Amino acid sequence: QVQLVESGGGLVQPGGSLRLSCAASGRILSINVMGWYRQVPGKQRELVAHITSAGYTNYVDSVKGRFTISRDNAKNTVYLQMNRLKAEDTAVYYCNADLIPAGSTLGYLAVWGQGTLVTVSS
C-alpha cells in the first residue's frame with residue numbers, strides 16, 4: 001500500500017521557523033503533483049503550496065515570501081520550509097500527492113498524509 005508519512009510539526013514562537021517533511025512509501029510508478037494543505041477546526045482545508053514533478057511551484061498568498069516548498073524525486077519526499085511564522089499559521093498540516101501506484105490501471109490517485117500539528121504561539 002502507498003502511504004505518506006509526515007514529520008516536523010511542533011511548537012514554535014512567532015517569527016520562528018519549522019521544516020516539514022513528507023515521504024511517500026510503497027510501490028509507486030510516478031508522482032505528479034505534491035503539496036501541503038492546512039486546516040483548523042470549523043474551516044475548510046486550505047492549499048498552502050504545491051510543486052510539480054518538474055519543480056514548478058505555487059503558493060497561497062498568505063505564505064508567499066515566507067514558505068518554500070521543495071521535493072526530492074529520488075526519495076519521493078516533499079518538504080515545506082516555514083519561516084517568519086505567525087500565529088495565523090497554526091493548523092494541522094497535511095501532505096498530499098497525486099501518484100500512480102506501480103501496476104495500476106486506474107491512473108492517478110490522491111493520497112493524504114496523517115497530518116502534523118504546527119502551533120505558533122508565545
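Trainee: Let's start with Arg38: is Arg38 buried or exposed?

Mentor: Keep in mind that this is a predicted model. To read burial, you look at the relative accessible area, and anything under 20% counts as buried. Arg38 comes out at 7%, so Arg38 is buried.

Trainee: What does the side chain of Arg38 meet in a salt bridge?

Mentor: Here's the general idea first. Side chains of opposite charge can pair when their charged atoms come close. In this structure, Arg38 and Asp89 form a salt bridge through their side chains, with N to O at 2.9 Å. Asp89 sits in the loop between β8 and β9, while Arg38 belongs to strand β4 (residues 28-39), so this pair ties together parts that are 51 residues apart in sequence. Both Asp89 and Arg38 are buried.

Arg38 also meets Glu46 in a salt bridge, again with N to O at 2.9 Å. Glu46 has a relative accessible area of 29%, so Glu46 counts as partly exposed.

Trainee: How many salt bridges are there by this rule?

Mentor: The count is four. One of them joins Asp61 and Lys64, whose closest N and O atoms are 3.0 Å apart. Asp61 is exposed at 60% relative accessible area, and Lys64 is partly exposed at 48%.

Trainee: Which residues do salt bridges with shared partners join into one network?

Mentor: That network is made of Arg38, Glu46, Arg66 and Asp89.

Trainee: Now for the cysteines. How many disulfides does a search of the whole structure find?

Mentor: For disulfides, you look for two cysteine sulfur atoms within 2.5 Å. The search turns up one. That disulfide joins Cys22 to Cys95, with an S to S distance of 2.1 Å. Cys22 is in strand β3 (residues 18-25) and Cys95 is in strand β9 (residues 91-101), so the pair ties together parts that are 73 residues apart in sequence.

Trainee: Is the disulfide of Cys22 and Cys95 left-handed or right-handed?

Mentor: Check the torsion about the S-S bond. For Cys22 and Cys95 the torsion is about -85 degrees, so the disulfide is left-handed.

Trainee: And Cys22, buried or exposed?

Mentor: Cys22 has 0% relative accessibility, so Cys22 counts as buried. Cys95 is buried too, with a relative accessible area of 0%.

Trainee: You mentioned β3. What is the order of strands in the open sheet of four?

Mentor: To read a sheet, list the strands in the order in which they pair. Here the order is β1-β3-β8-β7, and the pairing is antiparallel. The edges are β1 (3-7) and β7 (67-72), each of which pairs on one side only. From one strand to the next, the twist averages 15 degrees.

Trainee: How many bridges join β3 to strand β8?

Mentor: Six bridges join β3 to β8 (residues 77-82), and the two strands run antiparallel. If you want a spot to look at, find Ser21, which stands opposite Tyr79 in β8.

Trainee: Which residue lies over the face of Tyr79?

Mentor: For this kind of contact, look for a charged end above a ring. Arg19 lies over the face of Tyr79, at 4.1 Å from the ring centre. Another case is Arg45, whose charged end sits over the ring of Trp112, 4.8 Å from its centre.

Trainee: And how many aromatic pairs are there by this rule?

Mentor: The count comes to one.

Terms used:
Residues numbered from 1 in each chain as written. Predicted model: local features only at pLDDT ≥ 70, side-chain atom pairs only at ≥ 80, totals over all residues. Heavy atoms only, no water. Buried < 20%, exposed > 50% of the residue type's maximum accessible area, 1.4 Å probe, protein only. Pairing = 2+ DSSP bridges. Axes fitted to C-alpha atoms, helices over the stretch in contact; angles between N-to-C directions. Phe/Tyr/Trp six-rings, centres within 6.5 Å; stacked < 30°, edge-to-face > 60°. Lys NZ or Arg CZ within 6 Å of the ring centre and 35° of its normal.
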